[in-house]
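Visitor: I have a structure open here and would like to talk it through. Can you put it up so we look at the same thing?
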Amino acid sequence: MSLADIGTSQQTDGPTPIIELIRATKLYDRRAVLSEVSLLVEGGAAMALIGRNGSGKSTLLSILAGLTKLSSGTMVRSGRRIATGYAPEAFPGLKMSAEHYLLSMARIAGLALAEAEARMAELLEMFHLEEFRRQRMDGFSKGMLQKVNLIQSLIAHPQLLLLDEPMSGLDLPAQHTLIGHLKELKRSGTGIVFSIHEPQTIEALADSVHVLHAGRTVTTIHGQEEMRVTPAVYIVCKGISEQRKAEIMDMPGVTSIHALDGTPGDYLAATLEIAAADDYLRHILQAEGSVVSVEPCGGLSAGGLEQWMDPKPVKGGTAG
Amino acid sequence: MRWLVFYMLRSYTASQRYFGPVAFTIIAVLLLYSYKPNPVMNSYAATSIILFVGSAWLGLSLLNHEHPVQRQVSIVQARSKLRYHTGTLLTLGALILLLDLLIVAYPVLTGQFDEPAGLYRIVIAFAGHALLGLLGVTISLYLQASWVSKTSYAAGLMLTVVILSIGSHKLSELIPGPFVYILLPPASPVMDTLMNAEDLPLIHVLGVFMHALIYIVLFTGFNLYRSSRMDDSKS
């Protein structure tokens, strides 16, 4: 359900829409840096923005943060003041301590002093910055500044979290920590939008991917199965008895399996590693089931994400 | 809002950009009182103009002290541009009132005047200094980096407007019509009123002060309105 629909409908089941852009266009000096982009950010879901440098990802985040006005189009918010966390790119080394800065940001965002201190301590510890909290930030490395940047965006329990290249400058443990924390936030209902260049982060976190090229939407990919970095295969079958189903579900190489919604009968959809496909198909046939479809999905060289990291211009605007 | 003001003061003092305008204001006032005795209202008129110039400089340095990315984060945390800009204005107001208090109290406490200043003259001087300080801030609002991107242009424009404001009495004789009176900050009328406050009826003094206050409210209000609708970019 989109935010635009909410005004005309009483039904609010499913994910909660937080913010929606409808045909958003941004012009700088009469040059379109963003053109007719539409997207819906929902609570409990993460959207990745990908595309080349200059494709409009940062501008899009800046618009969602309320820092940049649209030249045309509409932005609809679920509330007047959504609690928003925003971590822009290239956070500067400030002439004050991380502690003073983070506490100030938490208090400005409306946290009580005790809560602000507790939350700051928790996040500083999580990112291993505890021992640097009283040091001035103008002596920090790029990675440490990025950690402070991320902490300030997370500190006030945002409903909407906007991250511009969040992994930039982070060491590997910090990247894992961040992904783990973002997954927790998703579970607690936060809507996340992030620009990214690493396919692994998309696979780990994103529920959808918005591909931009020259300010236009090239395609939108929904569902985590489509975003797998490693090559995989998606097999739909039917006619398998309940007894044999359990056996098939436990097969090695099967990454996910579920009954297919919206189809008649006992359709079963599975995503599995490509090396396990032959064995899986053999088992289905032996179980007197029939194979409905076999499709490759994900994979850096199999129509997966990498092609969209460097999308080609599309004639007439959108594609996919 | 209180925390936004605290943060702004902390960030500004950490940047050390306050040093130029504050040092200019204090040194100029100390120079003025380097010999005594001094006439009360003439001295206050002179220090009010020093505060006018110092405030315009102080305003410009505070409004531009944040890194653009830092400013973006502050705006998002404040949850509205209007709230952020209002917080910045309140910070400037607090600094101006502090300087005002110091400048007005210093000669009284250190016995720089040729006669006792008296409560009436101190109150008039405090109000006059506050108005001229806020007029200086009003000028700086329109010259901050989001309005005038080149610092050199902003500094040149600031000097020009300050000088024209101080000399607006002469300028209004050269340019007919209400343009000078309406557009230029009424620094000159406030200064003249402070100088002659003892001889002028209170209603005249209040009228001039009201003119300055209306100017400040209108131009600051318009600036707040426009600033809240402008893009905040990273550069």
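Guide: This is a predicted model. One place to start is α4(B), where B:Val69, B:Arg71, B:Gln72, B:Val73, B:Ser74, B:Ile75, B:Val76, B:Gln77 and B:Ala78 are buried.

Visitor: How many of the residues of α4(B) is that?
Guide: The buried ones are 9 of its 11 residues, and the helix is mostly covered.

Visitor: What do the buried residues of α4(B) pack against?
Guide: Elements of both chains. From chain A there are β5 (84–87), α3 (98–108) and α5, and from chain B there are α1 and α5 (81–109).

Visitor: How many residues does each chain put into the contact?
Guide: Chain B gives 22 residues and chain A gives 21 residues. On the chain B side, the elements that supply two or more residues are α1 (2–15) and α4 (68–78). Of the chain B elements, α4(B) gives the most to that side, with 8 residues.

Visitor: What comes just after α4(B)?
Guide: B:Arg79, with a positive phi of about 70 degrees. Most residues other than glycine have a negative phi.

Visitor: Which other non-glycine residues have a positive phi?
Guide: Two in chain A can be named. A:Arg23 has a positive phi of about 50 degrees, and A:His157 has a phi near 50 degrees.

Visitor: Where are A:Arg23 and A:His157?
Guide: A:Arg23 is in strand β1 (residues 17–28) of chain A, while A:His157 is in the loop between α5 and β6 of chain A. A:Arg23 counts as exposed because it has 12 other C-beta atoms within 10 Å. A:His157 has 15 C-beta neighbours inside 10 Å, so it counts as partly exposed.

Visitor: And which peptide bond is cis?
Guide: The one from B:Lys36 to B:Pro37, with omega near 10 degrees. B:Pro37 lies in the loop between α2 and α3 (40–63) of chain B. Most peptide bonds are trans.

Visitor: Back up to chain B as a whole. How many helices and strands?
Guide: Chain B has 11 helices and 0 strands. Of its 235 residues, 42% are buried.

Visitor: What radius of gyration does chain B have, against a compact globule?
Guide: A compact globule of 235 residues would have a radius of gyration near 18 Å, and chain B has 18 Å, which agrees. Its C-alpha trace spans about 55 × 45 × 30 Å along the principal axes. For contacts in chain B with a separation of 6 or more, 78% are between residues 24 or more positions apart.

Visitor: Which residues of chain B does UniProt list as "transmembrane region"?
Guide: The unreviewed UniProt entry lists residues 18–35, 41–63, 84–106, 118–143, 155–182 and 202–225 of chain B.

Visitor: What does the model have at residues 18–35 and 155–182 of chain B?
Guide: Residues 18–35 are 78% helix and 0% strand, with the end C-alpha atoms 27 Å apart. Residues 155–182 are 82% helix and 0% strand, and there the end C-alpha atoms are 23 Å apart.

Visitor: Is B:Phe19 buried or exposed?
Guide: B:Phe19 is exposed, with 11 other C-beta atoms within 10 Å. B:Phe19 is in helix α2 (residues 19–32) of chain B. Its C-alpha atom is 9.7 Å from that of B:Ser61, which is 42 residues away along the chain.

Visitor: Now chain A. Which residues of α6(A) are buried?
Guide: A:Ala174, A:Leu178, A:Leu182 and A:Leu185. Seen down the axis of α6(A), the buried residues fall within an arc of 70 degrees, so they line one face of the helix. In an α-helix there are 3.6 residues a turn, so residues three or four places apart point the same way.

Visitor: What is on the face of α6(A) turned away from the buried side?
Guide: That face carries the exposed residues A:Leu172, A:Pro173, A:His176, A:Glu184 and A:Arg187. On the buried side, the packing partners include β3 (46–50), β6 (160–164) and β7 (191–195) of chain A.

Visitor: What does A:Pro166 touch?
Guide: Not counting residues up to four places away in sequence, A:Pro166 touches A:Ala87, A:Leu150, A:Leu178 and A:Phe194. A:Pro166 sits in the loop between β6 and α6 of chain A and is buried, with 26 other C-beta atoms within 10 Å.

Definitions and conventions: Residues numbered from 1 in each chain as written. Chains lettered and ligands numbered in written order. Predicted model: local features only at pLDDT ≥ 70, side-chain atom pairs only at ≥ 80, totals over all residues. Buried ≥ 20, exposed ≤ 12 C-beta atoms within 10 Å, placed from the backbone. Helix = DSSP H or I, 4+ residues; strand = E, 2+ residues; numbered from the N terminus. Arc of directions from axis to C-beta. Contact = placed C-beta atoms within 7 Å. Rg over C-alpha atoms; globule rule 2.2 N^0.38 Å. UniProt positions renumbered as here; feature names shortened; annotations may be inferred.
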